[in-house]
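Keep the 3D view open as you read.

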Amino acid sequence: MKIHEDAYKIIEESINRVKPDEAVKAALLGRDFKGKVVLIAIGKASWNMAEAAYEMLKEKVTSGVVITKYDHSRGPIGNLEIFEAGHPIVDENSIKGTKRVLDMTSALGKEDQVVFLVSGGGSALFEMPMDGVLLEDIMDITDQLLKSGADIVEINTVRKHLSKVKGGKFAEHCKDTNILSVVLSDVIGDPLDAIASGPAYRDSSTSEEAMEILERYQLKVEPHILEVLKIETPKDLRNCETVITGSVTALCSAAMEAAENRGYTPYLLSSTVDGEAKEVGRFFSAMAREVRNGNSSFQTPCAIIAGGETVVKIKGNGKGGRNQELALSCAQGIEGLEDTVFFSVGSDGTDGPTDAAGGIVDGNTASELREKEIPLEVYLDNNDSYHGLDSVGALVKTGPTGTNVNDFMVLLVNSK
């Protein structure tokens, strides 16, 4: 059981190390804002980021809005208006919160300041459709993209061209008012125009790319959507400054330190893992077998660590998320291995449309599922990793963590 206890401690300590509070304060330290200061926070970590910023700025903040996911707000923050809205699919509350932001920033001048706190999830939470585009259009297209296996950059490329605030358009709306963006990255490589779909950053994606993505994944859209996609996003913005406060690289470093403190030799495999969740799970299980058989250069006890974001191509009608599917896939390949544990967890505490952060498996998981008369393969084929893992007590549930810097995966292998 110790190896399981170690795994849970690594999860807890790693996530705690990448909470954005202190980083937000550091980004604001020593800055002297003149005129009105409007504080806007969007994303799954926005409440925590807003609280930290408000603690620094206090009476300097003349007004502000926080838009976060349902159940992610922890109460009032000064004079800020707080909205909870839909994720990963935009809903009416996303539109209401965004309209309030646009109203609040429409009459600001050159001497005023927008402090813009951005975290992952902002693409769904911060939304105002382009003229001629309905909320239902965006909901449908996002749902199709999420089920297609498209990655986050591809999804956001399409969403940016259908939105009045994404792809630099929020900065364009603010005209000459300065925007300081403090960004918590949840996208591999930290592309600033992709995180939360880059509302305050010049956009590198093009209308042509958006159209190609629709064709690549065979999305079904109405003709009026194609017309709107032809409108280009801003390519040159002069009123924006951006500071990155955290990323998956920091999460992996925290996991390495936490593992080492528990006696494991840490190895960083990659902080840019992508691809299909099932395939990444199979890769980790293959590594586990090599390590356990003594055929690798990894010295036990070891912790093999990676970060990034995989995708799931939905073929079944089950419930789950990319981290749960990744973990369940790994369980298939490590069956029978002793003192071997693998977990995959989303740093925000929410994996897909579930209340779990991810999954944790070992050499007994597959056989335990068989004993319950539903083999692991059935759950995988139906994209039903949530119920498969839940039936054997293998879900990881952290609740909303207050941060969002992508996913991390750790394979622990003890000495024989």
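Two strands count as paired if DSSP finds at least two bridges between them. Keep in mind that this is a predicted model.

**The strands**

With that in hand, look at strand β9 (residues 340-346): 5 bridges join it to β10, and the two run antiparallel. On its other listed pairing, β10 is joined by 2 bridges to strand β11 (residues 395-396), again antiparallel. Here are two of the residue partners you can pick out on screen.

| Residue | Bridge partner | Strand of the partner |
|---|---|---|
| phenylalanine 342 | valine 361 | β10 |
| glycine 358 | valine 396 | β11 |

In soluble globular proteins, nonpolar side chains tend to be buried together. The largest nonpolar core here has 49 residues, and Leu117, Phe343 and Phe408 touch the most other members. Helix α3 (residues 46-57) is the top contributor to this core, giving 7 residues. There is also a second, separate core of 48 residues, with Val101, Leu145, Cys174 and Ala210 among them.

Now zoom in on phenylalanine 343. Leaving out residues up to four places away in sequence, phenylalanine 343 touches Ala7, Ile10, Ile11, Gly359, Ile360, Phe408, Met409 and Val410.

**A pair of helices**

Next, find helix α6 (residues 135-148) and helix α7 (residues 152-161). Their axes come within 10 Å and cross at roughly 165°. Angles over 145 degrees count as roughly antiparallel, so that is how α6 sits relative to α7. The crossing is right-handed. Which residues meet there? From α6 it's Ile141, Thr142, Leu145 and Leu146, and from α7 it's Ile155, Val158 and Arg159.

**One proline to finish**

Proline 129 sits in the loop between α5 (122-125) and α6. Is proline 129 buried or exposed? Its relative accessible area is 12%, which is under the 20% cut-off, so proline 129 is buried. Setting aside residues up to four places away in sequence, proline 129 touches Ile95, Leu134, Leu135, Ile138, Leu162 and Lys164. The C-alpha atoms of proline 129 and valine 165 are 8.2 Å apart, although 36 residues separate the two along the chain.

Technical notes
Residues are numbered from 1 along each chain as its sequence is written. This is a predicted model: local features need pLDDT of at least 70, side-chain atom pairs count only at pLDDT 80 or more; totals for chains, interfaces and linings use all residues. Side-chain values use heavy atoms; hydrogens and water are left out. A nonpolar core is a set of buried Ala, Val, Leu, Ile, Met, Phe, Trp, Tyr and Cys residues joined through side-chain atoms within 4.5 Å. Buried means under 20% relative accessible area, exposed over 50%, partly exposed in between (1.4 Å probe, protein chains only). Helices (H or I, at least four residues) and strands (E, at least two) are DSSP runs, numbered from the N terminus. Contact means heavy atoms within 4.5 Å. Axes are lines fitted to C-alpha atoms, for helices over the stretch in contact, and angles run from 0 to 180 degrees between N-to-C directions. Angles under 35 degrees count as roughly parallel, over 145 as roughly antiparallel, 65 to 115 as roughly perpendicular and the rest as oblique. A crossing is left-handed if the near helix is turned anticlockwise from the far one by less than a right angle, and right-handed if clockwise.
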